[in-house]
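Please look over the sequence and the structure shown here before reading the notes below them.

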Amino acid sequence: MADNANTSDTATRTALTEPVDERIPTVIADSVDIVYRINGTGAGRGSATAALNRILRPKQAEKASGTRIVHAVKKVSFVAYKGEAVGLIGTNGSGKSTLLKGIAGLQPVENGKIYTDGQPSLLGVNAALMGDLTGERNVYLGGLAMGMTREQIKERYQEIVDFSGINEKGDFISLPMRTYSSGMGSRLRFSIAAAKDHDVLLIDEALSTGDARFQARSAERIQEMREHAGTVFLVSHSNAAIRTTCERVLWLERGELRMDGPTEEVLEAYEEFTSGKAKK
Ligand SMILES: Nc1ncnc2c1ncn2[C@@H]1O[C@H](COP(=O)(O)OP(=O)(O)OP(=O)(O)O)[C@@H](O)[C@H]1O
């Protein structure tokens, strides 16, 4: 018995030390479906009885209340690895943002599973900063939300402000964020997120509103984050931003994964698809 155990032990050790695939997975999506339910227009909308029915008889109530279902992500599977920058492309409403929210754990998965190693951080154009607070307060708020301590934020504060370039044209950091242009807002959001190395960083269109100089700076910072062995996902309609940032691309169309491969290959097919669409 003991001998057998030893033999299998050695076999396991050999198997474990063989360099099968040295890449370390950080996000695994296994046949993921994500569905939105929009409580609808049917009879009794908003009444207490309708609400009670939704709890007690969800199936029938769903029909009666006219609940609409939007199947935003359909059977999507992929594995992303440490050090990868993965672009997510697809026409409007194809499910890119929804998939990012699913990976971040902000949108429940209907079927299938998403496994992540470490804490994913979603950086979106609507990241939870407060418009009525100054840029400075928001740097602290965002930093705390990412799990940094007050001291760590204080140490990196100037770096964050400088990276964002918010103060290049005057003292804007002491003004409420609602007074910023959309480009300024997204620059500050990205700068806050970039102050920390993330295991998995999910970026939703945040770079597209920045100017060319800021986009180049962000691309450089994303490169650094990858070198620190994180995984970056970038949703963008800018094929140029995808080309400079990502070496792999997932193309979603109508919620389905149409293609997963090297950036140039996927973008070529996508560009053909979109130009074909434009001609129709
Ligand atoms: N909160 C929501 N409630 C209901 N349906 C939603 C919601 N958010 C998105 N959807 C629907 O899910 C589908 C996918 O939307 P999603 O925002 O993920 O697409 P996208 O690829 O990011 O689009 P875009 O490129 O326009 O930003 C769309 O049909 C959209 O109408």
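Predicted model: local features only at pLDDT ≥ 70, side-chain atom pairs only at ≥ 80, totals over all residues.

Residues are numbered from 1 along each chain as its sequence is written. Helices (H or I, at least four residues) and strands (E, at least two) are DSSP runs, numbered from the N terminus.

**Helix H8**
- Helix H8 (residues 212-227) has 16 residues and spans 23 Å from its first C-alpha to its last, close to the expected 22 Å, which is 1.5 Å times one less than the number of residues.
- Phe214, Gln215, Ser218 and Ile222 of H8 are buried, a term for residues with 20 or more other C-beta atoms, placed from the backbone, within 10 Å of their own, whereas exposed residues have 12 or fewer.
- Because the buried residues of H8 fall within an arc of 95° seen down its axis, they line one face of the helix, the arc being that of the directions from the axis to the C-beta atoms.
- On the other side of H8, the exposed residues include Arg213, Glu220 and Glu227.

**Around the ligand**
- Strand E1 (25-38), strand E2 (68-81) and helix H4 (96-104) each supply at least two residues of the shell around the ligand, and H4 gives the most, with 3 residues.

**Thr49**
- Thr49 is found in helix H2 (residues 48-56), and this residue is exposed, with 9 other C-beta atoms within 10 Å.
- Thr49 and Val139 lie 90 residues apart in sequence and 45 Å apart in space, C-alpha to C-alpha.
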